[in-house]
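The following report looks at aromatic ring pairs and at one helix of the model shown here.

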Amino acid sequence: ILQYQKNNTNLYGIGIDDVYFLIYWVICLIFIRSCLMVFLLQPLAHYFKIHKFKAIQRFREQGWSTIYYFVSWCSGFYLYYKSDYFFNLNNIYKNWPIKELEFWFKIYYLIQTACWIQQIFVLNTEEKRKDYIQMFSHHIITSILCICSYGYYFSRVGHVILIIMDSGDIFLSGAKMLKYCGFENLCDIAFVLFVINWIILRHGCYNLVFYHAVTKAMKIMDSNCIDHPENEICYTDSAMNFFFTLLGGLQIITIVWLFMILRVAWKVISGKNAEDVRSDDDDSE
């Protein structure tokens, strides 16, 4: 049950009690993930004649990622389409701080935050991959950004960045599933779409949002602490630099992954099949 409803309206504030909803969904996502992997994805792996334990496990993991990111991206994009900052970066910061969130937006943002927190636990229960350090750092930074942006009324820009990030993982996880199923040509097509999506969104759109935040956000918000009422939230240079540093850190990790992706892309162009670019080489049998 959501906390801080405003006078029986569809609007909700934020507060420390939201942590209960967050913890609830961390547990729920772990449970939902396990159920889907056992009762849907494992039988699907057997159907496609995937028999080796490691390959089945990877197929189940990528299947969960495909399902989750597809649902989260569709939900996030719908909320984005209905928002007043749809393709309007200035409106992200206009009238900041916006202290009331719509019902579905609050649910979406808290569940997304819960997802990244539970991924930290999941990452450490699975077999270590060759980019474990990057993945762990990515999950930690993203979780901190989600929590802090929620508490600091920056959930709008967080929403846009989550949409940018989620779409690429649909193509990547889908490509891996196709590989395990033996559909090598379809895997390569999905991988090419993933590379295009990754470059345009994570290095184009992301950096546009990042640059806009650094250069224009504070001017648009016009809510610094100099003449602000005591105990009211306001931005400071140190607070903004904290967010900018974390956003920059995410982009650095993404650039590291880009080199790995381009290396695999070159293999595809050379006539070889796409491999898993962010994990150990897996059996596809």
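## Aromatic pairs and a helix

The structure holds 30 aromatic pairs, a pair being two rings of Phe, Tyr or Trp (its six-membered ring) with centres within 6.5 Å, called stacked with planes under 30 degrees apart, edge-to-face over 60 and tilted for the rest. The model is predicted, and local features need pLDDT of at least 70, side-chain atom pairs count only at pLDDT 80 or more, while totals for chains, interfaces and linings use all residues. Residues are numbered from 1 along each chain as its sequence is written, and side-chain values use heavy atoms, with hydrogens and water left out.

Two of these pairs are set out below.

| Pair | Centre to centre | Angle between planes | Class |
|---|---|---|---|
| F21 and W25 | 6.4 Å | 50° | tilted |
| Y81 and F86 | 5.2 Å | 80° | edge-to-face |

F21 and W25 both lie in helix α1 (residues 18-47), four residues apart, about one turn of the helix; helices here are DSSP runs (H or I, at least four residues), numbered from the N terminus. F21 is buried at a relative accessible area of 10%, where buried means under 20%, exposed over 50% and partly exposed in between (1.4 Å probe, protein chains only). Y81 is exposed at 52%, whereas F86 is partly exposed at 27%. Both Y81 and F86 belong to a cluster that ring pairs link together, with W73, F77, Y80, Y85 and F87.

Helix α5 (residues 132-151) has 20 residues and spans 29 Å from its first C-alpha to its last, close to the expected 28 Å, which is 1.5 Å times one less than its number of residues. Its buried residues include M135, H138, H139, T142 and C146, and just after α5, Y153 takes a positive phi of about 65°.

Technical notes. Helix = DSSP H or I, 4+ residues; strand = E, 2+ residues; numbered from the N terminus.
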